[in-house]
Amino acid sequence: MSFRTIEWRDDAVIMIDQTRLPMEEIYQRYTDFNAVAEAIKGMVVRGAPAIGVAAAMGVALGAREIIADTQESFFRQLDNVCDVMARTRPTAVNLFWAIERMKQKAQSLKGSPLDTIRAGLKEEAIRIEAEDLAICKNIGKHGADLIPVGATVLTHCNAGGLATAGYGTALGVIRAAHEAGKKIQVFSDETRPWLQGARLTTWELMKDKIPVTLISDNMAGFFMSRGEITCCVVGADRIAANGDTANKIGTFSVAVLAKEHGIPFYVAAPVSTLDLSLSDGSQIPIEERPTTEVTHIRGLPIAPEGVKVRNPSFDVTPAKYITAIITEHGVAKGNYQEELAALAAV
């Protein structure tokens, strides 16, 4: 990759500041877990897998900051660190998966010297980052087989290297198809209100010299009706047991349009995004973000002052609109209740 989304370097967490893209490629350095939590809330880092990596690294930083004379005091303070990280973004299940994994690592070292526990947590966070990159490569490999030669692929939001430790989920599929010589091109929805498609997806693909065309969110149906879209590939922040999928707001609309036009609609996500404890998408918590994200762009007002605003950050696409769900362990195609459970058990 020509950039790094997040990494542990010189005892600090280094993250590309996604709020500054595409105008500036700025890397921020974090040595405090509260600052990492604020970076997650403030969208400096975003995308479910990348949020999980950031949370794990934040917990490792927090463990390093703890001053304790006893194991009991250390673990009590570590629980507080984990609680702070858990309150950052409610929809992305990878956040909670990563925090739980860090807790389990700490528990496995209980009774060891505190410095050993701290070192173990740092190693685990770095391992989660490395695993995420390998997972994305496998998602890409499985997904590329579904993309026809010469396809035009529509994607929504940014499920690329910026949303992961690198390579991407939906963009991982696109990258793998491109690398396989399939001569594809991409249509990227701008993705209001944060414009992740316009700011981030196009930036990534242009860096990799993958042909990309930017369209506004309300143009997708037009291009589908003209036969200019071959298939759709998006990411996910949480997938229920029945295959209902939460992703960036606007994904549901794209899926409905794709169904109407007979266009395959694929979801690409790691198994850690599966939440099999939820029977369906109605149980997925949906984050509501600040109204200024809708009324302003980069601090400039675009709506009348005082207007009533709703700003859900995600919507849920029912499984009936999803052609297949692509994971690092394979592809589920329709019988999601059984197939997702089987993939999660691999």
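Two rings of Phe, Tyr or Trp count as a pair if their centres lie within 6.5 Å, and as edge-to-face if their planes are over 60 degrees apart. By that rule this predicted model holds five aromatic pairs.

**Aromatic rings**

Select Phe 74 and Phe 75. Their rings form an edge-to-face pair, 5.5 Å centre to centre with 80 degrees between the planes. Phe 74 and Phe 75 are both buried.

Next, select Phe 187 and Phe 223. The ring centres are 5.1 Å apart and the planes stand at 90 degrees, so this pair is edge-to-face. Phe 187 belongs to strand β5 (residues 185-189) and Phe 223 to helix α8 (residues 220-225), so the pair ties together parts that are 36 residues apart in sequence. Phe 187 is buried, as is Phe 223.

For another lysine over a ring, go to Lys 137, which lies over the face of Tyr 167 at 5.1 Å from the ring centre.

**Helix α1**

Select residues 33-41, helix α1; Phe 33, Val 36, Ala 37, Ala 39 and Ile 40 are buried here. Look down the axis of α1: the buried residues fall within an arc of 160 degrees, so they line one face of the helix. They pack against β2 (12-16), β3 (27-30), α2 (48-65) and α3 (71-86). At the start of α1, find Asp 32, with a side-chain oxygen within 3.0 Å of the backbone nitrogen of Asn 34. After the helix comes Met 43, with a positive phi near 70 degrees.

**Salt bridges**

The whole structure has 20 salt bridges. Start with Arg 20 and Glu 24, whose closest N and O atoms are 2.9 Å apart. Arg 20 is partly exposed at 29% relative accessibility, and Glu 24 is partly exposed at 35%.

Move to Glu 131 and Arg 101, a salt bridge with its closest N and O atoms 2.7 Å apart. Glu 131 is in helix α5 (residues 114-144) and Arg 101 in helix α4 (residues 93-108), 30 residues apart. Glu 131 is partly exposed at 30%, whereas Arg 101 is buried at 17%.

Then select Arg 238 and Asp 275, a salt bridge with 2.8 Å between the closest N and O atoms. Arg 238 is buried at 7% relative accessible area, and Asp 275 is buried at 10%.

Finish with Arg 4, Glu 7, Arg 9 and Glu 129, which a network of salt bridges links.

Conventions:
Residues are numbered from 1 along each chain as its sequence is written. Side-chain values use heavy atoms; hydrogens and water are left out. Rings of Phe, Tyr and Trp (its six-membered ring) pair if their centres lie within 6.5 Å; planes under 30 degrees apart count as stacked, over 60 as edge-to-face and the rest as tilted. Buried means under 20% relative accessible area, exposed over 50%, partly exposed in between (1.4 Å probe, protein chains only). Helices (H or I, at least four residues) and strands (E, at least two) are DSSP runs, numbered from the N terminus. A charge sits over a ring if NZ of Lys or CZ of Arg is within 6 Å of the ring centre and within 35 degrees of the ring normal. The arc is that of the directions from the helix axis to the C-beta atoms. Contact means heavy atoms within 4.5 Å. A polar contact is a pair of N or O atoms within 3.5 Å; within protein, one must be able to donate a hydrogen and the other to accept it, and residues adjacent in sequence count only if both atoms are side-chain atoms. A salt bridge is a side-chain nitrogen of Lys or Arg within 4 Å of a carboxyl oxygen of Asp or Glu.
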